[in-house]
Amino acid sequence: MLGPGPWPSLDALSSYARCVTERLVLHADMDAFYASIEQRDRPELRGKPVIVGGSSRRGVVSAASYEARVFGVRSAMPGFRARELCPQGVFLAPDMAKYASVSATVQRIFEEFTPVVEPLALDEAFLDVTGSTQLFGGPIELAKKLKARVRAETELAVSVGIGNSKLIAKIACSVSKPDGLRYVAPEENRALLDPLPIRWLWGVGPVAERKLLAAGFSTIADIANAELTALQRGAGDRAAELRALARGEDLRPVSSEREAKSYGEENTFERDVNDRATVTRALTSHAHAVAERVRHDALTARTITLKMKLARARGSKGSRSEASEQEPSYPLYTRSRTLREPTDDATVIRRVAIELWDEMQLEEAVRLLGVTLTNFVRASEQQLSLFDGVGVGVGVVGKDRASHNPKLGPALDAIRKRFGDDAIHVAIDKPEKLTPSGQKKRGR
Ligand SMILES: [Mg+2]
């Protein structure tokens with residue numbers, strides 16, 4: 001019984017919730033997806049080191065065949081580095097339309113096994129198979145049938161991990177590659193996690209990893225067994241969350257919602273950039289672009305994130321595991337702010353993004369900047385604030401709300417739609433030219 005004392009810890013609640021729900025989560029990830037498709041379609045490429053992407057000056061590798069990985073080539077690696085490591089590699093431009101069509105086939109196959117499919121990328125998805133496992137004769141039988149269906153329809157290999165959480169399923173899949181199948185029973189969770197380096201944990205990027213290593217945590221077991229106060233020295237506010245994850249306690253649901261979870265715009269500069277005027281122009285352009293997209297979908301966002309990739313590459317971590325492939329070669333920083341009032345207003349988004357940039361006080365140049373919106377509220381459900389204009393918590397909000405004209409955004413959208421993106425520019429603080437040339441933008 002709960003006394004009047006403190007509430008049970010998040011840890012205790014997590015373990016309780018895990019006891020009452022024995023979930024089965026499956027992570028499916030196509031092996032070297034783009035490169036495998038090219039090898040399938042061009043038999044002369046089979047057995048050769050095939051590298052998709054990385055041919056332009058600033059391009060990065062999108063996929064490397066297993067033959068190319070022997071040379072150390074990894075996805076997200078700059079193209080010039082891949083060429084150094086594997087000069088005899090066959091470098092191909094990506095054919096995204098083809099990969100998307102194969103992806104659609106694969107996603108349809110996933111849906112034969114459960115309606116709860118959460119796609120993560122063209123080549124991977126989480127499936128909640130809790131309700132359907134018995135229909136297929138158990139988790140391993142289900143996974144075998146799924147692999148066979150994908151192979152029969154696409155001639156491609158998919159690796160599959162199954163566990164009682166997203167974290168376990170994803171790691172089980174990674175360690176099973178290539179063409180793998182790994183089921184991890186709940187009592188085996190700790191044995192799977194304990195010896196792994198901390199960067200395998202969700203949310204431990206290069207920056208968090210450095211802090212944790214400096215505080216003496218190098219394996220997942222180190223975190224799982226840590227005293228909270230000690231762990232806080234390396235992980236700050238995230239200590240409890242991180243320790244629960246390290247113990248295999250991960251209650252995130254598989255979400256098959258079709259709605260986008262984030263809207264992001266970003267660009268890679270042709271030259272490295274650190275002058276505030278160029279940064280401001282890029283952030284202004286991104287703020288307007290994401291604002292337009294959320295308005296189009298009748299959403300407002302609470303959280304604004306600034307993404308910055310440093311221009312100077314750092315050495316790679318040297319691991320051969322699949323899970324470390326996504327480690328950027330360039331340090332990536334993100335800074336977020338959550339507003340009291342959700343917004344679809346480019347003025348607010350722009351100002352917050354620039355504030356976040358200023359607060360970073362980066363001394364190094366960046367090669368990439370991005371602005372992302374998350375944490376959405378349907379515009380129609382947005383409630384009127386009791387404290388309208390007061391701006392509790394985040395200083396910028398009150399000021400911006402006071403000057404916010406809800407009609408302005410949609411009016412601009414309509415004008416741009418009719419006369420093109422250059423038809424109208426907004427004068428915010430001082431006029432800014434939108435969308436500097438030479439920038440590549442990416443959608444959601
Ligand atoms: Mg893959």
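User: At roughly what angle do the axes of helix α13 and helix α14 cross?

Analyst: Keep in mind that this is a predicted model. Look at α13, residues 276–296, and α14, residues 346–360. Their axes come within 8 Å, and the crossing angle is roughly 140°.

User: Is the crossing of α13 and α14 left-handed or right-handed?

Analyst: The two helices can also be described by the sense in which they cross. For α13 and α14, the crossing is right-handed.

User: What class of residue is found ten times in the contact of α13 with α14?

Analyst: On the α13 side, the residues include Val 279, Leu 283 and His 288, and on the α14 side they include Ile 349, Arg 350 and Trp 357. Sorted by class, the contact has three polar residues and one charged residue. The class with ten residues is nonpolar.

User: Now the strands: which ones are the edge strands of the open sheet of five?

Analyst: Read the order across the sheet: β5-β6-β1-β7-β8, with mixed pairing. From one strand to the next, the twist averages 15°. An edge strand pairs on one side only, and here those are β5 (117–121) and β8 (181–183).

User: Which residue in β6 stands opposite Ala 121?

Analyst: β5 pairs with β6, residues 124–128, over four bridges. The sense of that pairing is antiparallel. Opposite Ala 121 you'll find Glu 124.

User: Which helix lies across β1, β6, β7 and β8?

Analyst: Look for a helix running at about 140° to β7, which spans 158–163.

User: What is the order of the strands in the open sheet of three?

Analyst: The edge strands are β3 (61–64) and β4 (90–92), each pairing on one side only. Meanwhile β2, residues 50–53, runs parallel to β4, with three bridges joining them, and Val 50 stands opposite Val 90. Put together, the order is β3-β2-β4.

User: At about what angle to β2 does helix α2 run?

Analyst: Helix α2 takes in residues 33–41 and lies across β2, β3 and β4. Its direction relative to β2 is at about 120°.

Conventions:
Residues numbered from 1 in each chain as written. Predicted model: local features only at pLDDT ≥ 70, side-chain atom pairs only at ≥ 80, totals over all residues. Axes fitted to C-alpha atoms, helices over the stretch in contact; angles between N-to-C directions. Left-handed = near helix turned anticlockwise from the far one by under 90°. Contact = placed C-beta atoms within 7 Å. Nonpolar A, V, L, I, M, F, W, Y, C, P; charged D, E, K, R; others polar. Pairing = 2+ DSSP bridges.
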